[in-house]
Amino acid sequence: MTRIACVGEAMIELSILGQTSQVGVAGDTLNTAIYLKRNAPQFSVDYVTCLGDDPFSDQIEDFIAAQDIGTGAVTRLTGKSPGLYAITTTDDGERSFTYWRSAAAARDLFKTDAGYDFSILEAYDLVYLSGISVAILPDAARSALVEWLGRTPIKLAYDSNYRPRLWEDKPTAQRVTSALWERADICLPSIDDEMLLFDEDAAAVEARFARYRGTGALKRGEEGPISLGDAVSQSYSAAPHVVDTTAAGDSFNGAYLAAILAGQTQALALRAGHDCAAQVVQYRGAIMPKAAP
């Protein structure tokens, strides 16, 4: 059985609806884990994170388990608590976020008294990381993680998911992200993130990814993805009605990974990712109801 570790930060999510709010649980790599598991239930998918010892941390762990995601790699830290974020959306579905996460337990991922220990990841066939997963870590932890990944044969899937406010500065984000793109076996970038992070136009982004060793998908929203690796020429249908674009890229990643790890062709995996994202954006919040058609 393929064992997959999705690594990152699970947070309390507030979806703002006028004068009211809906409370949920989400996080970019957790979103991907959920959609991966839904699309490939035959795989073992664990979430690797740190939580606190408060009731909100209990709620998060219970939610993860209810999604059939393994919680054996969730570390609970005394005196800590999770981060929180609020989503507001415009009339056309574009979202913006407000975060409260500076002291979140996930910032202590892999930390030990002696430094940083990534051996918990050795039990997996594939590790999925995002730019948020690494941006919340101290720079020493990022460097140690990149060094460790360079020594292990474990497959790496990565999405840069660039959020400028999480990084000390752009050069640091560029350095870490470039190192992870060089190492990644499966690359799942969004073109807007890459243009912003590397100050490139779309053509330059495409040319840069043609030089990396990894295969995958360059996500372009409703336009549909560009194949990284095998040449694929096919059209994609946009969502008929966009309510909330939260987790569009995360859900694409989950469905794409589910298909490609199950042995589907690149063309089918790209379509699976795009179609999943097109469904997700028709619902509010990061996680589409299980019963949705």
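This short talk covers a helix pair, a hairpin and one aspartate in a predicted model.

Ground rules. Residues are numbered from 1 along each chain as its sequence is written, and side-chain values use heavy atoms, leaving out hydrogens and water. Local features need pLDDT of at least 70, side-chain atom pairs count only at pLDDT 80 or more, and totals for chains, interfaces and linings use all residues.

Helices first. Helices (DSSP H or I runs, at least four residues) and strands (E, at least two) are numbered from the N terminus. Take helix 5, residues 170-183, and helix 6, residues 191-198. Their axes (lines fitted to C-alpha atoms over the stretch in contact) are 10 Å apart, at an angle of about 130 degrees. Angles run from 0 to 180 degrees between N-to-C directions.

Who makes the contact (heavy atoms within 4.5 Å)? Helix 5 gives K170, A173, Q174, T177, S178 and W181. Helix 6 gives E194, L196, L197 and F198.

Now the hairpin. Strand 2 (residues 11-17) pairs with strand 3 (residues 20-26) in the antiparallel sense, over seven bridges. Pairing takes at least two DSSP bridges. L17 stands opposite T20. Two residues lie between the strands, and G18 takes a positive phi near 65 degrees.

Last, D159, in strand 11. Buried or exposed? D159 has 2% relative accessibility, so it counts as buried. The cut-offs are under 20% for buried and over 50% for exposed, with partly exposed in between, using a 1.4 Å probe and protein chains only. Beyond four places in sequence, D159 contacts residues including Y128, W181 and K219.

Technical notes. Contact means heavy atoms within 4.5 Å.
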